[in-house]
Every structure is written in C-alpha cells, then in structure tokens.
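Subject: Model handover

Hello,

Here is the model for you to look through. My notes on what turned up follow below it.

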Amino acid sequence: MEKYCPQEIEKKWQTQWDKDGIYTTVDNVPDKKKYYVLEMFPYPSGNLHMGHVRNYSIGDVLARFKKMQGFNVLHPMGFDAFGMPAENAAIKHGVKPADWTYDNMDNMIRQQKQMGLSYDWNRLVQTCHPDYYRWTQYLFEVFYKKGLAYRKKATANWCDSCKTVLANEQVIEGRCWRCDSPVVKKDLTQWFLKITDYADTLLKDLDKLPGWPNRVKTMQDNWIGRSEGAEIIFEIPDFAEQVTVYTTRPDTAFGISYMVLAAEHPLVDKLIKGRNDESLIRSFIERVHNQSELDRTSDKSEKEGVFTGAYAINPFNGEKVPIWIANYVLFEYGTGAVMGVPTHDSRDWMFAGKYKLGKKIVITDAENQLTLDRMTDAYVDDGILVNSGEFTGMNNRKAIPAMIDWLEKNGCGKRRINYRLRDWLISRQRYWGAPIPVIYCEKCGTVLVPEKDLPVKLPEDVKFDPGVVSPLAHSEAFVNCTCPQCGGPAKRETDTMDTFICSSWYYMRYADAKNTKAPFDRALVNSWLPVDQYIGGIEHAILHLLYSRFFTKVLKDAGLVDFDEPFTNLLTQGMVIKDGSKMSKSIGNVVSPEEIIGKYGADTARLFILFAAPPERDLEWSDQGVEGAWRFLNRIWRIVLHFSTEIKENKQTDISLLTVKEKELRRILHVTIKKVTEDIAERSNFNTAISSIMELVNAFYAARDESLQAGLINETATDLLLLLAPFSPHITEELWQKLGKSDSIHKAAWPVYDVEATIADEVEIVVQLNGKVREKITVASQITADELKKQALELPRIKELTEGKTIIKTICVPKKLVNIVVK
RNA sequence: GCGGAAGUGGCGGAAUUGGCAGACGCGCUGGACUUAGGAUCCAGUUCCCCGUGAGUGCAGGUUCAAGUCCUGUCUUCCGCACCA
C-alpha cells in the first residue's frame with residue numbers, strides 16, 4: 001500500500017486549488033446566504049507562530065464547513081502592516097521599513113499557503129500600501145468633518161523606548177503595551193478622536209452582542225466606566241470664584257469637611273498666587289504633575305496634599321471648608337475636583353486622618369449608632385441620614401435623587417453621568433504609519449488635504465531618528481507645501497496615525513478590496529457585513545475591539561454603512577502554552593510551525609491544535625500529542641485505501657440488506673455526522689468533533705473483517721472524508737481523488753444525517769438501587785416503562801438485593817436508567 | 001477592593017437538558033505479527049483496604065439521582081483599580 005506522504009500531496013493540492021481558484025469568492029450569489037468568517041489579521045513580524053496557526057485553523061474549519069453547507073463564504077486575509085518594528089529594523093539594520101515589511105509579508109503568505117488555508121487571496125489587504133492608507137486618511141477626514149477629530153495640548157502618555165505617545169488603552173499598568181517600558185508624562189499638542197461622544201452607545205450596545213463572550217463585554221463595560229452622580233458647585237467668596245466637584249455620593253454632602261483640587265486644576269494658580277508659601281505649594285504641584293503613571297497607580301502610593309489657604313462654601317449647609325491640593329485627585333476625570341467626606345469614603349478617611357481634617361457622621365446604621373471614636377474606617381454602606389438638615393432621617397439611597405433635585409432647584413449643581421473612558425490619542429511621532437492628512441497654514445489655520453490629493457504619501461528621503469517629533473519633520477520636501485485653500489506657503493502635519501486606526505476598518509475593506517473610488521462600495525459592504533464570526537486573541541478585548549466598534553458606529557452615522565456593530569459573534573482563542581508558559585523567544589520554548597509542518601504536514605499540525613483543547617482555553621503544546629494526530633491520519637489513510645476496491649464501485653447502501661453489525665456501524669456513522677455538525681455549528685468545539693470522528697474510525701476498523709456490504713463501505717468512507725475535510729483538507733482531497741470521486745472534496749456538500757439510522761434497536765439500561773448502579777440490561781429501545789420496570793425487578797441480582805426490603809418507588813428514564821428506591 | 005473565568009485520573013481533556021463520571025487522545029502495561037520494532041493491529045489502564053468501598057478543590061444542603069442546582073468557603077488565572 002502506498003504510504004501517506006504529506007510533503008508531496010500538500011504541495012500538490014495547494015497548487016491545484018490555486019490554479020482552479022476554488023477559494024475565490026464571488027459577491028452576491030443569488031440563493032446563497034452569506035457567511036463572513038474572519039481571523040484577526042497579523043502584524044508582519046516575519047514568521048507565523050503557533051498562535052497564528054491556531055487562529056487560522058479555527059477560522060478555516062468554520063469557513064470550509066459553512067461553504068460545504070451551502071453558504072457563500074467570505075474568508076479573507078491581510079496584514080496590519082504599519083508599526084514600529086519595521087522602523088526599528090530600519091534604524092538597526094539600515095533596511096527600508098517598506099522593504100522589511102513587504103519581505104515579511106511575502107514570507108508569511110508563503111507560510112499561510114503552506115497551511116492550506118481557504119483564503120480568497122484576491123482580497124488581500126495590506127494597511128501600509130498607499131491604496132489602503134489613502135482610505136484610512138479619507139476616513140480620518142470623515143471624522144474631522146463630523147467634529148470627531150480634534151487637536152489639543154494635553155498631558156500624554158509617552159513611551160521613551162518607543163519614542164512616541166500612547167493612547168490610554170495602550171498603557172498596561174503604567175507600562176507600554178508593546179515594549180513594557182514605564183510610561184512617562186509629556187505635555188504635547190496631539191490629535192484625538194472623540195470616542196467619548198460614543199461612550200454611552202458603546203456601553204449600551206454591548207447588550208446587542210449575545211454572540212460575544214461575557215468576559216470581553218465586562219472588560220469593555222469596566223473600561224468605559226459609566227457612573228451616575230452629581231456636580232456640586234462651591235462658591236469661593238474670597239476670590240469671587242466657583243469650583244465644581246463631581247460625586248456619586250451627594251447624599252454625604254453634609255459631611256464635607258474639605259475639598260480637593262487636582263494639581264493641574266486651572267483654579268490652583270489663582271488661589272495660591274502671592275501667598276508666602278507659594279513656592280512650597282508650587283514645588284508640590286510640580287512633583288505631583290511629574291509623578292509617572294506607574295508611581296501614581298501603584299497600590300501603596302501615599303496620599304499627599306497641601307492646603308491652598310482658600311475656603312469654599314458648602315451650598316447645602318453654608319459651611320466654610322478648606323481647599324486642598326492632593327496627588328490622588330485626577331485632573332482628567334470628572335471635574336478634576338472632589339469633595340472630602342472622611343466619614344463615608346475610605347480615601348478621605350485616610351487623608352483627613354493624616355492632615356487632621358474634621359470628621360462628621362452624616363449616615364448611620366439604624367441599629368449600630370455610629371460614633372467617631374468607635375470608627376476605624378469610613379462607613380461606606382447604606383443607612384439613614386443624620387446631621388443633614390432637611391434630609392435628616394431619609395434613607396440615603398432615596399436621599400440621592402432628592403438632594404440632586406435640591407441642587408438643581410437652587411442652581412448650585414445638577415445630575416451628571418461620568419465616564420472613565422477618555423478620548424483616543426491617535427498621533428504617533430513615528431515614520432511608519434499613515435500620515436495625518438492635515439496642513440497648517442498661517443492664514444487659514446488647520447486645513448484638510450483635499451480628497452483628490454490623497455494619499456499623502458510617506459516620503460522616502462528620511463532618516464529614522466525618532467525623537468519628540470516624527471522623522472517626517474526632517475523631510476523638507478514633505479513638510480513644506482502650499483495651502484490648498486489660499487495657495488500660500490504651509491506646513492504638513494508630521495505625525496502619523498496610531499496603527500489601531502488602520503485595523504479599525506480593514507474588515508470592511510475586504511468586502512471591496514480593490515476599490516479605487518472609495519474605501520468600499522456601500523452595497524457591497526452592507527451585503528457582506530457584519531462579520532458573522534470573528535476569531536482572535538483576548539488581548540484585544542478592549543483595544544482593537546473597542547476601536548472597531550467605535551469606527552463602525554461613526555461610519556454608520558456618516559452614512560457609509562448600514563450596520564452599527566462590526567462583529568456578530570466573537571471567539572477569543574486561548575494562548576498556546578509550552579511547559580506551563582506562553583511560547584516566547586526569551587524563555588526558549590518556541591515550537592516553529594514551519595518545522596512541524598515540514599515534519600508531519602499541515603494536516604497533522606491543524607488536527608492536533610484543534611484536538612488538544614477547546615478554542616477558548618489555553619492549549620498545552622505536546623510533541624506526543626502531535627504524534628497522536630499523525631497516527632490518526634495514517635489510520636484513516638490505511639483504512640480508506642484498504643477498502644478502495646469496494647469504494648470505487650461507488651454503490652449506495654442497501655438498507656434492507658444490513659446485518660446487525662452493519663446496522664450498528666451505520667448508526668455510529670450517522671450519530672457522528674450529527675455530533676460533528678452540531679459541535680462545529682453550535683458550539684465551536686472542534687476537539688469533541690474530532691474525537692467523535694476518531695470513534696467512527698475505531699468502529700470502522702473493528703468492523704473491517706465483517707465482509708461489509710460495498711455500499712455501506714462507500715457510504716462510511718465518503719462521509720468520513722467529508723467530515724474530516726474542514727480539519728485536514730489535503731489528505732481528504734487526496735483520498736477523495738484516489739477513490740475516483742469527482743471534483744474537489746471542498747466543493748462537495750456537507751453530509752446530512754438520517755435520523756432513522758441514528759436510533760438503535762436495543763439499548764443498554766442501567767439498573768440502580770437507591771441511586772447506585774447494580775446491574776445493566778439490554779432491552780428493545782421502544783420498550784414501555786412498565787415493561788422495563790418489570791424486567792429490571794426480575795433480574796436475579798436485583799431480586800437478591802431487594803430481598804426482604806420494601807420498594808418505595810421506581811423511576812424510569814427512557815433509554816437511560818431505572819432507579820429502584822428501597823427501604 | 002471591584003468584576004470575570006476556572007478547579008475532574010499520571011497528562012491534555014469529555015460528560016450539551018440533573019440520569020452509568022473519566023468519551024477521545026497522550027502515556028503506561030500486556031498480547032498478536034515479526035529476524036527485529038520506537039511500525040502496525042488487538043486488549044487493559046480513576047483510586048483503594050477489591051466491595052453492598054471511595055471518588056469531580058473543601059464543608060454543608062436540595063433530590064430517587066448532583067461534576068451539573070443552592071449556601072458557605074479555599075485556591076489559581078485574567079481584567080480594572082486613589083475614577084471621587
């Protein structure tokens with residue numbers, strides 16, 4: 001018998017499929033429902049790693065399965081090709097970022113093709129190509145025209161290693177998401193996208209995503225961080241000024257004993273000017289302002305403050321309270337000013353304790369009369385208001401709206417909803433990104449580059465020496481231009497866009513990847529989107545997935561698309577682990593996909609990675625597990641070729657002639673079809689789908705000496721190959737052709753199970769005594785409950801065990817068990 | 001601190017609706033074939049004191065019946081965290 005040699009057959013079929021164009025997708029096929037399956041496109045680092053292999057294998061199974069089920073499937077691939085590694089390579093090795101990137105993409109495409117993935121390569125998207133970033137720039141202008149892109153001077157997160165600023169989402173525990181170095185603050189004028197305008201919609205519409213993991217939705221919910229509360233205005237009579245605080249606990253307002261401003265608060269300057277301790281206060285402010293994100297958010301960072309000397313008036317009771325400045329108040333959140341209620345807020349308790357500020361109880365538990373000397377921390381629970389003027393005696397939950405009403409009536413405050421989410425900082429001081437299409441003219445100010453002049457192309461005469469400004473600033477030819485409005489001399493914006501912008505709309509471009517007139521045709525994008533199944537790593541739970549949702553909503557409001565959520569179903573795959581930790585070069589536990597594919601073939605690699613764990617869970621790499629997958633494919637190869645003579649007769653099963661054993665094999669076949677279909681379609685549990693195919697193969701082996709009917713052999717082998725085709729596309733195609741089947745197996749229809757065939761004539765029933773298994777009997781599957789009971793009670797062993805005992809009741813579960821309860 | 005997910009053999013994992021815990025694979029043991037086997041095929045493999053035994057992190061509860069439901073608790077992983 002010919003040996004299974006994946007190295008030969010995989011290459012052969014990849015070439016053949018490519019030649020026949022079997023994965024080319026046609027738009028709008030009548031009487032076929034669309035199905036859009038998408039894996040997150042990779043950064044072109046140069047080589048695929050196992051995480052990619054896992055990601056693409058999952059997507060490919062779904063794409064092939066849906067195609068066999070008769071859907072018109074869109075399954076594209078592309079590259080998130082802008083980004084710093086290309087530029088760093090340029091600095092280090094003197095290669096052009098474009099050359100480095102395109103070489104890497106070529107290599108990765110070669111590796112992807114080696115995997116036998118069913119992509120329509122005609123729709124390849126590369127975000128660094130001018131034909132793509134032209135439309136990224138165009139979409140920036142859409143945002144700008146809608147007032148959703150603006151420039152402001154702000155304190156930004158700066159990564160000194162990457163030499164660029166970062167968005168809040170890209171700072172992980174005070175460190176850079178990409179290189180892990182500490183983030184420092186820097187005051188810069190930067191471009192922002194107004195994602196905060198969509199905070200509420202982004203939050204509410206999470207409810208429209210039942211196909212997303214709760215984990216991801218919760219993370220986005222936390223990130224948006226909606227809170228309901230009130231603004232309270234305090235008068236500062238000595239300065240004829242006002243200061244507004246934000247609080248979620250207006251019910252504690254009668255307990256205010258001080259208030260605090262953030263160091264950056266604009267009022268600070270006025271309050272401290274001319275005081276004899278002004279310089280001391282200023283040095284404190286300076287220190288707080290320069291505290292890094294890392295220091296400020298570390299758990300044990302001490303609360304520090306300084307008194308401004310000024311006082312504000314609590315509008316509720318007219319009390320004069322001191323105004324402090326402290327490091328724990330963030331300027332970016334709320335109003336940058338808070339009220340201090342030591343008795344009912346733990347932070348305030350600590351701060352007031354340290355600086356000997358007054359404490360007054362305004363909420364008490366009805367039973368345990370609180371007293372200050374018995375308190376060791378703030379009382380933050382619900383209770384009854386005391387010392388609170390006209391609100392005394394009220395339940396604090398009810399007091400909240402009542403007190404806000406009072407504020408509104410008296411003009412000293414109002415209801416307010418606040419979000420933790422901040423606007424998206426998109427400027428990057430780097431070369432290898434899409435240039436922001438803006439021109440600064442002395443006369444006309446900020447002017448968009450006219451659409452006809454897009455793309456603003458990256459210059460090539462650049463030195464890659466990143467600093468506080470982009471390398472683009474050093475290219476005179478790039479910077480100097482004429483104003484599109486007045487024709488006078490002007491300068492270009494030299495920052496490029498965050499690459500997360502490029503990846504926020506690429507999934508739409510696939511619908512119409514070659515359009516030169518628009519980012520995409522409206523009808524086409526609406527016909528393919530939203531993505532039916534999106535697959536990628538959990539690390540994008542907030543970043544890419546939040547930005548993409550934001551983009552989709554803005555483009556909908558701009559009339560460019562008709563849908564308001566980009567991804568209907570989301571599957572977050574687990575990591576690939578080896579020896580207990582994530583594969584990484586520094587640990588030295590990396591297994592190279594190319595090596596595995598070279599040794600065993602893509603079919604084995606795919607099969608193992610899908611079999612070893614369900615997709616959401618982390619997957620422990622096992623060389624022995626790969627051997628197991630390899631053995632299984634060889635087992636299939638042998639059993640199918642063993643029966644090649646019978647299969648080539650191409651007969652149908654004659655059901656009327658089936659023996660008991662044949663009937664059982666056919667039953668297992670149809671149960672397997674049912675199971676595999678449901679596991680893929682309803683649960684994305686490929687591991688159990690594969691294990692049931694293995695069971696079928698085991699049954700096929702067990703029956704191989706039974707001189708089986710040729711029709712049944714043909715049916716079993718054919719369906720077996722069809723069921724395995726999405727997982728291991730090459731071996732199934734090879735065997736399909738060897739057996740003389742016509743056309744490609746990947747154009748064949750998915751098998752449908754025969755309900756009749758899945759029903760067994762006889763079933764084994766468990767007989768329990770007080771819930772414990774004591775005996776088993778085989779009975780006709782259609783047996784009545786009464787007859788089953790009778791037979792169970794007549795079993796010798798059951799008779800023996802129930803001897804002299806009273807039967808209280810008997811429970812019958814059809815086709816499963818009988819439980820006899822005795823005393 | 002807040003929020004989320006998960007704890008099952010030697011290992012990866014299965015049990016989808018409360019109904020035989022451990023499917024399938026790995027590993028291990030034995031057998032067959034063989035000059036040979038690290039190939040292949042077949043069988044066995046939760047544990048133990050080996051029986052009316054115990055067993056799904058732990059302690060209770062509901063039920064004829066619990067990995068699955070309820071209460072409490074521990075551990076691990078992940079996210080957010082001075083957000084007022």
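This is a predicted model: local features need pLDDT of at least 70, side-chain atom pairs count only at pLDDT 80 or more; totals for chains, interfaces and linings use all residues.

Cys128 is in no disulfide; its nearest cysteine sulfur belongs to Cys502, 9.2 Å away. Cys128 is buried, at 3% relative accessible area. (Buried means under 20%, exposed over 50%, partly exposed in between, with a 1.4 Å probe and protein chains only.) Cys179 is in no disulfide either, with the sulfur of Cys159 nearest at 3.5 Å. Cys179 is partly exposed, at 32%.

Now the aromatics. The structure has 47 aromatic pairs. Rings of Phe, Tyr and Trp (its six-membered ring) pair if their centres lie within 6.5 Å; planes under 30 degrees apart are stacked, over 60 edge-to-face, the rest tilted. Trp17 and Tyr23 pair edge-to-face, with 5.8 Å between centres and 70 degrees between planes. Both Trp17 and Tyr23 are buried. One aromatic cluster includes Phe143, Trp177, Tyr198 and Trp424.

Two charges sit over rings (NZ of Lys or CZ of Arg within 6 Å of the ring centre and within 35 degrees of the ring normal). Arg64 lies over Trp17, 5.5 Å from the ring centre. Lys194 has its charged end over Tyr150, at 5.9 Å.

On confidence: chain A has a mean pLDDT (the predictor's confidence in each residue, from 0 to 100) of 92, and 98% of its residues reach 70 or more. The complex gets an ipTM of 0.94 and a pTM of 0.93.

Residues are numbered from 1 along each chain as its sequence is written, and chains are lettered from A and ligands numbered from 1 in the order written. Local features need pLDDT of at least 70, side-chain atom pairs 80 or more, while totals for chains, interfaces and linings use all residues; side-chain values use heavy atoms, without hydrogens and water.

Best wishes

Technical notes. A disulfide is a pair of cysteine sulfur atoms within 2.5 Å.
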